[in-house]
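Visitor: Let's go through the labels on this model and ask what backs each one.
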Amino acid sequence: TLIMGNRDVIDEMSSTNGAVLTSVLKLIDKYDLYGQVAYPKHHKQSEVPDIYRLAARTKGVFINCAYIEPFGLTLIEAAAYGLPMVATQNGGPVDIHRVLDNGILVDPHNQNDIAEALYRLVSDKQLWAKCRQNGLDNIHRFSWPEHCKNYLSRVGTLKSRHPRWQKSDDATEVSETDSPGDSLRDIHDISLNLKISLDSEKSGSMSKYGRSSTSDRRNLEDAVQKFSEAVSAGTKDESGEKAGATTGSNKWPSLRRRKHIVVIAVDSVQDADLVQIIKNIFQASNKEKSSGALGFVLSTSRAASEIHPLLTSGGIEITDFDAFICSSGSDLCYPSSNSEDMLSPAELPFMIDLDYHSQIQYRWGGEGLRKTLIRWAAEKNSESGKEAVVEDDECSSTYCISFKVKNTEAVPPVKDLRKTMRIQALRCHVLYSHDGSKLNFIPVLASRSQALRYLYIRWGVELSNMTVVVGESGDTDYEGLLGGVQKTIILKGSFNSAPNQLHAARNYSLEDVVSFDKPGIASVDGYAPDILKSALQQFGALQG
């Protein structure tokens, strides 16, 4: 019985299919096989099981001798009905036969092998019965429950690849067994922590600590990395010594003590307005801020080296914040008031979370990606006849390649730029700042919204107890800050500058994907302290 699909008139078939069917008919005529070969013109899906059953009851064999078979679903179907198989040795049947052991594999180019295998199965009753029973006994291994069981067992063997969290000597540290992140750590994407050797080959000669154009920048990167590694090594000491006390790491667990977190992620305002918004939020929440119940996180596309002078110029202390999500989500920093923690030579009072870097480094192109992007920038400059986009050395870091956009008309929209990256198999996120003056390339697993999720997993800060403050528009990743279980406050008013269309990652209205009427989103006019206080009270961030 030859099942060759459903067809109508041979002359109306494609030339390839028509040629195959014609050759079959000629072979039947040549060897006078009339009455011994069936080749139905049509069959229904419901009739397929009966075809397998008929072959099994007549002690027949199922054969699939394709030159290459990617998987071989028909072989599994045949085995489910107790029908032994003869199958090609090229492709998926090899794996199926290894599990089922219910037939013979053959070279599809060797007619004698095929004929011998068919003859063995139909003539040797014991072999046929053995193959039939093996198929029926083992077919359950291709069921969904068995597949999921096998998949999860493989994932379980990778559990040890999770990074060691840097621990603290703080008395409020949650135990490993009580941590709300335990279950999530167990099932968190294992791939985040795999270091593929291929990536290191692609990244060229990238140093361990990143790249810099100046010796000062290189020293700064080295200081960050060495300091953070020292914290990690010190906290793994099981002798009970308080290594964190001399490194300032006892500041990190302060996030665990917060009952509510306010995330300031306003991109659509000038620097002066941003500073005033921060001050007004602090003023509105002064009582809870002083009691330690409320914490603050600044989320921005700016680099850490830009955040420090911006805040200090406005009279805001770095230690007023619990964490900083910098460079569009590619860096997560914590403040440090200890002079030993400050990063020379710039003496920036930040500590970098290396655990977060281990989560986002998957398939990051590093130096190899940077060289490709520099060539792309040179092409754009050549096309425009002047400097349109240049690398920003001061704002680039190990996991963020930053460019200054000097001519927004000469660079493509973010959708076209993402397409270019995909065509060249470059794995990265592309983000424009709100006004289109900055362009950041970061790892595919990095984003400001993912950094908030990391804070939950790492420090147990409940997402439902986070309130994100944004403007009327924002950077390319603005949409990602509006969804989720966190609360959102949108500041409306003329202080919001009009966004540059370069950063828009969508060609549809934001209202189509974000429900602004849901209880978790509130819009307010302006950013006066009393207005902000009322909005924060609405979401439970402030009491009374």
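Visitor: Which residue stands opposite isoleucine 63 in β2?

Guide: Valine 86 does. This is a predicted model, where local features need pLDDT of at least 70, side-chain atom pairs count only at pLDDT 80 or more, and totals for chains, interfaces and linings use all residues. Residues are numbered from 1 along each chain as its sequence is written, and side-chain values use heavy atoms, with hydrogens and water left out.

Visitor: What makes strands β1 and β2 a pair?

Guide: Pairing takes at least two bridges found by DSSP. Strand β1 (residues 62-64) and strand β2 (residues 85-88) have 3 bridges and run parallel. Strands are DSSP runs of E, at least two residues; helices are runs of H or I, at least four; numbering starts at the N terminus.

Visitor: How is β2 joined to β3?

Guide: In the parallel sense, over 4 bridges, with β3 spanning residues 103-106. Threonine 88 has valine 106 of β3 as its bridge partner. The chain crosses from β2 through helix α4 (residues 93-100) to β3, a right-handed β-α-β crossover. Right-handed means that, with the strands pointing away from the viewer, the path from the first strand over the helix to the second runs clockwise.

Visitor: Why is α12 called oblique to α19?

Guide: Helix α12 (residues 271-284) and helix α19 (residues 529-538) pack at about 60°, axes 8 Å apart. Under 35 degrees is roughly parallel, over 145 roughly antiparallel, 65 to 115 roughly perpendicular, and the rest oblique. The angle therefore makes α12 oblique to α19. Axes are lines fitted to C-alpha atoms, for helices over the stretch in contact, and angles run from 0 to 180 degrees between N-to-C directions.
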